[in-house]
Amino acid sequence: MSRWFDRALFALLLTLAMFGAGAIGCLLAHVAVPDWLLPACAVVAVLVPRRTTLPPASRSAPPRARIAAAATLAVLVAALAYGSLATASRHWDGAVAWDAKAQRLADAPTLEQPYFRDTNVFCHSRDYPLLQPVLIATIERSTGAGRLVFVLAFAIAVAALGLALLRRTGDERIALGATLAFALTPNLVNPTSGGFDSGYADGLLCACITVAAAGVIAGDRIWLALGLFLAVLTKPEGLPYGGAFVAAVWLVGDGGMLRAATVGWLAAATLQLSLQHDLATNGTERALPLLLIGCAVLGAAVLGSDRWLVRRAGDARLRTRLGLLMVALLLVVGPLLAACVGDVAGSFGAYLNAPSRLWSRLERLPAVLAGFGEFALWRGAFGLTWLLPPCLWLLTRRLPNDKARRVLGVAMLLFVAVWIAAFLLSPIEDLQHHLRSTLPRLLDHATGAAWLFSAACWHRLCAASQPH
Amino acid sequence: MKRVGATSVVLVLALIHIGWGLARVPGKVLSRRIGDVRAYREQGPTRYLLENNGMGGAEALQWVREHTPEHCVVLWTGDPKGALEFAPSLIAPRLVIPIGACPPGAQDYAGLPLAIAEHGGRRGRVLLIGSPDGITVEVR
């Protein structure tokens with residue numbers, strides 16, 4: 001059964017990634033996205049062989065627990081399917097930004113229409129990535145149920161989390177428990193802004209980051225690469241998140257994972273930044289060749305510096321010192337490029353056009369941190385999602401650490417750094433309003449990663465507490 | 001021994017989280033979602049989205065939909081933040097452009113006719129006026 005789920009998840013992720021690349025390619029070439037693209041990608045993905053071994057479960061869950069977990073997940077999926085399909089988006093960004101684009105693309109799956117091309121035409125967040133709208137539009141055109149994408153995103157996140165823990169621990173109880181804990185996190189499944197069926201892209205981004213984190217935990221490079229690739233094409237935050245994962249893997253020094261993360265992140269960044277440039281210049285300039293070269297140089301620098309450090313017999317101190325530089329570079333380069341080649345007043349440009357705000361608003365830092373406490377632990381309806389990772393890290397910090405947990409822990413810390421920087425750099429003056437409207441959605445993105453980290457730490461703690 | 005205690009505490013915390021999530025399923029996940037969908041269907045998207053966000057202007061957008069052709073261009077002025085953000089999707093496929101993008105007296109924009117209608121005994125170009133808490137419509 002698990003093997004079947006693993007195969008299906010792989011085919012689904014590969015389908016989405018191939019469709020994303022193909023669709024963005026079509027939009028860049030100023031042609032319509034063909035309706036056959038998605039089924040064609042699905043057929044190819046099903047035919048691509050998947051070589052992975054799932055270890056037999058060392059500890060099975062009782063049949064009653066399996067049935068109860070399956071029933072709970074079925075109820076949640078049914079609720080999300082109903083919420084997704086019953087109406088169009090019932091929340092702000094879903095209606096004004098995401099639905100509006102999906103609606104136009106369903107009418108004509110091309111950017112060659114005034115809504116996208118004419119900068120006078122009111123188009124909310126013109127520079128947002130287009131994977132979700134074009135995917136919804138394509139499914140809508142052929143089946144009339146494009147909004148099933150939201151349910152699919154939830155299923156992907158749940159499956160990736162459960163399978164990764166099963167592969168890592170071989171313990172069905174841990175995998176089932178963590179999967180339920182994630183799936184029942186209220187902020188993800190409540191009918192609220194940013195929830196999976198709200199029409200926002202935060203649910204799909206949460207799924208992508210969960211897949212990438214699952215790749216780290218399960219040691220699956222393909223999941224890591226596909227998760228980061230899809231994250232960049234889903235929401236602007238995908239660019240710095242991808243940089244955070246690459247920086248974390250670089251810091252910990254895992255060559256194979258680093259190649260996967262770098263390729264996934266930079267391939268998508270090339271496509272996404274080219275599309276932003278195309279939209280910003282009304283299709284008159286092509287940035288793809290230049291961005292391809294730039295991203296290849298950046299990738300070579302990341303991978304080359306890692307190999308150089310490995311040759312120096314893994315000089316940990318030197319890696320840490322260079323790490324500060326690498327982390328800063330990888331977190332900043334994506335947003336900076338987006339602001340330069342894309343819309344200067346767009347989603348990143350608005351934050352980066354006055355970098356001095358970062359220093360002049362440092363006095364806001366305590367309020368931002370208090371906001372994290374308030375929304376992550378109390379008002380954000382995340383339950384214990386954000387309490388457990390720091391507690392478990394404290395409990396396991398003296399145990400022999402493995403690379404996967406270190407990578408995930410560092411990546412999540414870098415996410416927090418990105419979020420703090422966003423609140424300090426924001427053009428929005430009313431900090432409390434910004435925290436209230438944005439922070440729960442940012443926390444949504446890493447909720448799957450947080451549960452993966454907690455479950456991996458707990459498994460480690462259990463192993464250490466058992467007599468040899 | 002300490003670790004055995006720690007794993008138990010973590011297990012209890014995880015179970016509390018799952019139990020809390022389960023307890024919220026009937027009320028928040030199911031009932032509230034069903035209620036939201038019902039309210040959306042009863043009020044229609046325009047009223048639901050604007051009034052649920054504490055903004056007025058549903059009648060204005062409804063009027064635009066009823067009195068202008070589907071494929072036309074509607075002008076706007078005022079504050080683009082707030083209620084006006086909803087206009088492009090609620091009156092789609094009409095395009096919404098700022099009044100300054102269209103010279104006075106022009107009858108079309110980029111090959112599409114400007115929305116022209118009669119309102120309050122006056123005939124002219126339809127203009128949406130946005131403010132943070134609502135939308136009004138005028139003809140000029």
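How many helices and strands are there in chain A? Chain A holds 22 helices and zero strands, where helices (H or I, at least four residues) and strands (E, at least two) are DSSP runs numbered from the N terminus. The model is predicted: local features need pLDDT of at least 70 and side-chain atom pairs count only at pLDDT 80 or more, while totals for chains, interfaces and linings use all residues. Residues are numbered from 1 along each chain as its sequence is written, and chains are lettered from A and ligands numbered from 1 in the order in which they are written.

The radius of gyration of chain A, taken over C-alpha atoms, is 21 Å, close to the 23 Å given for 468 residues by the globule rule, so chain A is as compact as a globular protein of that length. That rule is 2.2 Å times the number of residues to the power 0.38. Along the principal axes, the C-alpha atoms of chain A fill a box of roughly 70 × 50 × 45 Å.

In chain B, the domain assignment, automatic or from a database, gives domain 1 (1-48) and domain 2 (58-139). The C-alpha centres of these domains of chain B lie 41 Å apart.

The contact between the chains (C-beta atoms, placed from the backbone, within 7 Å) takes 42 residues from chain B and 44 residues from chain A. Helix H1 (2-52), helix H3 (87-90) and strand S2 (95-98) of chain B each supply at least two residues of the side that touches chain A. H1(B) gives the most, with 27 residues.

Conventions
Two residues are in contact if their C-beta atoms, placed from the backbone, lie within 7 Å.
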